[in-house]
Amino acid sequence: ILKLGFYYDQLMHNWEKFDKDQQFLASFKSGNHFMGVEQNFDKGLVYYQKIETIAGLEKNKIEQYNLLMAELFYRKKDYSRAEEYANINLLRIDSSSSKQIQNLILVGKINFALYNIDKAKQLLEQADKLLLKEDNKFRNWSKRLNLYCQIQALLLNISILKKNKMAAIKY
């Protein structure tokens, strides 16, 4: 893993030599490695933020960047910044997009972490309805299944939390 991290560091040292698509890919892959594999959120943030400097990025790459930043800040437990990035996409993306579903799930997870349980439930139910509506449009069934499992697991946690809260009130 450390050798791979060294490779990504070296890749980013040559960043200026790449065209914009290569720069996006290098930043994306490097940020993913440090955020996901090494759990080095600060280094992942540095590499993701380089994406902001690339002029003329396509809409889908900007949306992907916002989703990555939201996920990174969620993992850092900086929920206000996570929600800020996720909300950018919620306002911009067509409601039939899988990114819309991912954003609804992420904002639902953020609200759950902040104990805004009713808001989290509302967002997750909205994501679930959208996922069911778009069922036949998903080419990647493993991604669809992953999104479905995330939604159902969080809704189950909300249900358990609400039942425990009601039981605690009785005593």
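Which residues do ring pairs link into a cluster? I found that Tyr65, Phe73 and Tyr85 are linked in this way, where rings of Phe, Tyr and Trp (its six-membered ring) pair if their centres lie within 6.5 Å, and planes under 30 degrees apart count as stacked, over 60 as edge-to-face and the rest as tilted.

I noted that the model is predicted, that local features need pLDDT of at least 70 and side-chain atom pairs pLDDT 80 or more, while totals for chains, interfaces and linings use all residues. Residues are numbered from 1 along each chain as its sequence is written, and side-chain values use heavy atoms, with hydrogens and water left out.

I looked up the aromatic pairs next and found 5 in the structure. Phe73 and Tyr85 have ring centres 5.8 Å apart and planes at 15 degrees, so I recorded the pair as stacked. Because Phe73 belongs to helix α4 and Tyr85 to helix α5 (residues 79–92), this pair ties together parts 12 residues apart in sequence; helices here are DSSP runs of H or I with at least four residues, numbered from the N terminus. Tyr74 and Tyr79 make a tilted pair, with 5.8 Å centre to centre and 50 degrees between the planes.

I then checked accessibility, taking buried as under 20% relative accessible area, exposed as over 50% and partly exposed as in between (1.4 Å probe, protein chains only). Phe73 is buried at 1%, Tyr85 is buried at 10%, and Tyr79 is buried at 17%, whereas Tyr74 is partly exposed at 21%.

Terms used:
Helix = DSSP H or I, 4+ residues; strand = E, 2+ residues; numbered from the N terminus.
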